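Dear colleague,

Please find the structure we discussed placed below, together with its sequence. My notes on the helices and pockets follow it.

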Amino acid sequence: MILGFSGSLWSQDLLSKQEAIGYTLENNLGIEIAANNTEIAENNADVLNSGYLPSLTGNAGATFDRNNAEGQLANGEVRSAEGVETRRYNASLNLNYTLFDGLGRFYNYKSLKEELNLTELQARETIETTVLQLFTVYYEVARLTENVENLRQALQISKDRLERAQYQFEYGQNTGLDVLNAEVDVNTDSINLIQTEQTLRNTKRDLNLIMNRDLSNDFLVDTTVTFVPGLLMENMLNEASENNVTLLQAQSGMLINEYGIKSVRGNFLPTIGLSGSYGWNRSNNNNPLAFVLENTSTGVSAGVNLTWNLFDGGTTITQFKNARIAYENQEITKRQVELGVERDIRNAYETYRNALYIYEAQKKNVQTTLNNFNRTEERYKLGRATSLEFRQAQINLLNAILEKNRAKYTAKIAELAVLQVSGQLLNIEF
């Protein structure tokens, strides 16, 4: 038989599907970059970046002058001084706060919040794409693992046949040609096994790369495949309208552009602000002509200011027109995305249904070829079937099993593609 696994395989560590997802979500470099981008967007959407908080600045300075002075008093006396030194010191705290800026600040802040939502959707898209990539490779490892075991059993059958042919040749029951044919088949099966084992090792390294683990880690995978029951086209279309990440990004882009129009519109309105300051000034000099040799002052000032840019050469008008055009483009993009998503769902769903049908057909083929192999094997042992007939039955069974394995994992990956495009990939149990 060429079905099933030998117990010796399970001496290696088993990498379950949930463990693979855990490694990927925690360590995958692409997901890590997406998480960092989300953190940047969170910082941008914080109140500290909103413009709603006042600004407080501090100023301080000192100056030094040295001059020669000469002056005439009211009584006609002339006085002069050389090397007159003047020192001035100042310090102040200035507070500015915008009360109203035409709601531009308000819509800019909402736009930043929506950009955060967009970045989170982009991060989710990265996760979905990476998870789909993970399972594409994971199931390829599973397929190759099954193929290796099937090829090992096929090789063992060929070795048993070679041994049988050698015994028969020694007792004169067949010709040396049967022995040579059996040797060729052993060599062929050995080559197929070696090549498949190498491909399996390469694919395991691909899987380790996705999980960002040591590439030399060896492991087994879970070859159990279960399909999500009750996948219907209409349900997929309805769920996509609310959950498809590409469509949600298009909707988020429309909101951002809408806020952009409203923000630019605010430039047509005046800006009202508050200002206040607390200052300290001190000066002293040794000028004999000065009325005051030392002066110190402190004080508080406050004010309200209104700025209205009545005409800026048409810059604001141009920005407003371009913002409306950008919004219209985003509407067109959204319609394109909606059509593309519907197409992708229909294509993915039909591919999935066809893959399931092929898988069921291949399972029947395996049963048919297995029955044929068993009958041919009995006939071969009784001398009623030639070695070529036995070999052909063996090849037919092996090919049927390999094709069944391919169909099984192809159907599962097609199912995951349907779930991704409908926005349900991260909501299922793997």
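Which helices each supply at least two residues of the lining of the largest pocket? They are α3 and α4, the latter covering residues 176-211. Please bear in mind throughout that this is a predicted model.

**The two pockets**

The largest pocket has a volume of about 310 Å³. Its lining is made up of 17 residues, and those nearest the centre are Gln12, Leu200, Arg201, Lys204 and Asp218. Helix α4 provides six residues, the largest share of this lining. Sorted by class, the lining of the largest pocket contains seven charged, five polar and five nonpolar residues.

The second largest pocket holds about 220 Å³ of space. A total of 15 residues line the second largest pocket, with Asn267, Phe268, Asn309, Asp312 and Thr316 nearest its centre. Here the division is seven nonpolar, six polar and two charged residues.

**Helix α3 and what lies beside it**

Helix α3 runs over residues 104-170, which is 67 residues. From the first C-alpha of α3 to the last is 98 Å, close to the 99 Å expected at 1.5 Å a residue. Just after α3 comes glycine 172, which takes a positive phi of about 75°.

Helix α1 (residues 17-27) packs with α3 at an angle of about 135°, and the two axes are 11 Å apart. The angle between them makes α1 oblique to α3. In this pair, α1 passes α3 in a right-handed crossing.

**Helix α8 and its two partners**

Helix α8 spans residues 387-421. How far apart should the ends of α8 be, at 1.5 Å a residue? Its 35 residues should span 51 Å, and the end C-alpha atoms are 51 Å apart, so the two values agree. Glycine 423 follows α8 and has a positive phi, near 85°.

Two helices can be described in relation to α8, namely α4 and α7. The axes of α4 and α8 come within 11 Å and cross at roughly 15°. Angles under 35 degrees count as roughly parallel, and α4 and α8 are therefore roughly parallel to each other. The crossing of α4 with α8 is right-handed.

Helix α7, which covers residues 315-381, packs with α8 at an angle of about 160°, their axes being 7 Å apart. An angle over 145 degrees counts as roughly antiparallel, and α7 and α8 are therefore roughly antiparallel to each other. Their crossing is left-handed. The contact of α7 with α8 has 24 nonpolar, ten polar and nine charged residues.

**In brief**

With kind regards

Notes: Residues numbered from 1 in each chain as written. Predicted model: local features only at pLDDT ≥ 70, side-chain atom pairs only at ≥ 80, totals over all residues. Heavy atoms only, no water. Helix = DSSP H or I, 4+ residues; strand = E, 2+ residues; numbered from the N terminus. Expected span 1.5 Å × (residues − 1). 1 Å grid on protein atoms, 1.4 Å probe; cavity = no way out; pocket = protein on both sides within 12 Å on 5 of 7 lines; lining within 4 Å. Points joined across faces, edges and corners; volume = space filled by probe spheres on them. Nonpolar A, V, L, I, M, F, W, Y, C, P; charged D, E, K, R; others polar. Axes fitted to C-alpha atoms, helices over the stretch in contact; angles between N-to-C directions. Parallel < 35°, antiparallel > 145°, perpendicular 65-115°, else oblique. Left-handed = near helix turned anticlockwise from the far one by under 90°.
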